[in-house]
Amino acid sequence: MKLLTSLSAFVGKTFAFWVIIFAVLGFLLPDVFKHVTPYIVTLLGIIMFGMGLTISVDDFRELSRRPVEVAIGVVAHFVIMPALALLLTVLIPMPPEVAAGVILVGCCPGGTSSNVMTYLAKGDVALSVACTSVTTLAAPIVTPFLVWMFASQYLPVNAMAMFMSILQVIILPLALGFLAQKVLPRLVEKTVPALPLISVVGIVLIVAAVVGASKGAIAQSGLLIFAVVVLHNGLGYLLGFFAAKAFGLNLYKRKALAIEVGMQNSGLGAALATAYFSPVAAVPSAIFSVWHNISGALLANYFSSRTDDAAENKPVEAS
């Protein structure tokens, strides 16, 4: 078990490296990873079940302790990223399937990687976790609505079917994982150290499958999609930071919201795009999954050396 825990910790710390490796493998060996495509939704469900095993009631207490700060993060996330996606599809000519995929990943909830990056950035981890949890729980309603509103001009959008899919692949596994904590606490405690390994395996297989199924589109438009993803992600960090600053939040909290806004649950984007659009529409999510882990680590490294006064770094308690 110690070996598995150590391996899991190592793989978790080198997550970005494995995502890049499997993205390349998916491109070079498309016939191998195409077989994984039908299991993308299942893989994401397993990942979300693992997230459910680690969610605690304390994560939601931040919502009652600091409702305004959490609301700022959640609203910023669901306003900035979809708006940026729409703007990029308008300004940069791209195929309709790619445009729909860019909008879809922009409308997804926050990614769990943001919590790790916020920790590395010496930001407000509790605020980051609360925002990720709330955007994830809101995703069944918010994500289909935003995709329908912004992406219908490119491809037909079945918002109700998307709503049901998110319930099945996000909310149900999360709820089952949370329930397992209560019913089988000792077993869950023993398995939690292995969760980073399971999550990394799931994400890299999703990325490899999407890349393999879309090799032709990537070869033709890969640089364009990569440029759009880099702009989307980078502007998300920037606008998230300044949105937090505009509301008077200190640097400790601005770090958390910048990362929270810029990082997406791209696995969900890939699953939904594959199910409701096409493998080509899933490419922006796959590339986003690769890139935001690299950019997030770089930003966290930059942020980690920048701090406010010690007094400002502490979360403000509700009076």
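A crossing of two helices is called left-handed if the near helix is turned anticlockwise from the far one by less than a right angle, and right-handed if clockwise. The model is predicted, so local features need pLDDT of at least 70 and side-chain atom pairs count only at pLDDT 80 or more, while totals for chains, interfaces and linings use all residues. Residues are numbered from 1 along each chain as its sequence is written, and side-chain values use heavy atoms, with hydrogens and water left out.

**First stop: H2 and H16**

Select residues 15–28, helix H2, together with residues 283–304, helix H16; helices here are DSSP runs (H or I, at least four residues), numbered from the N terminus. Their axes, which are lines fitted to C-alpha atoms over the stretch in contact, with angles running from 0 to 180 degrees between N-to-C directions, come within 9 Å and cross at roughly 150°. H2 and H16 are therefore roughly antiparallel to each other, a term for angles over 145 degrees, and their crossing is left-handed. Now show the side chains: Phe15, Ala16, Val19, Ile20 and Ala23 of H2 meet Ser289, Val290, Asn293 and Ile294 of H16, where contact means heavy atoms within 4.5 Å. These contact residues divide into seven nonpolar, two polar and no charged, with Ala, Val, Leu, Ile, Met, Phe, Trp, Tyr, Cys and Pro counted as nonpolar, Asp, Glu, Lys and Arg as charged, and the others, Gly among them, as polar.

Select Thr112, Ser113, Val116, Pro196 and Ser199, which of the 40 lining residues are the closest to the centre of the largest pocket. A pocket is an open set of points on a 1 Å grid over the protein atoms alone, where a 1.4 Å probe fits, with protein on both sides within 12 Å along at least five of seven lines, and lining residues have an atom within 4 Å of a point. The volume of the largest pocket is about 1100 Å³, taken as the space filled by probe spheres set on the points, which are joined across faces, edges and corners. Helix H4 gives the largest share of this lining, six residues, and by class the lining has 19 nonpolar, 19 polar and two charged residues.

Notes: Helices (H or I, at least four residues) and strands (E, at least two) are DSSP runs, numbered from the N terminus. Angles under 35 degrees count as roughly parallel, over 145 as roughly antiparallel, 65 to 115 as roughly perpendicular and the rest as oblique.
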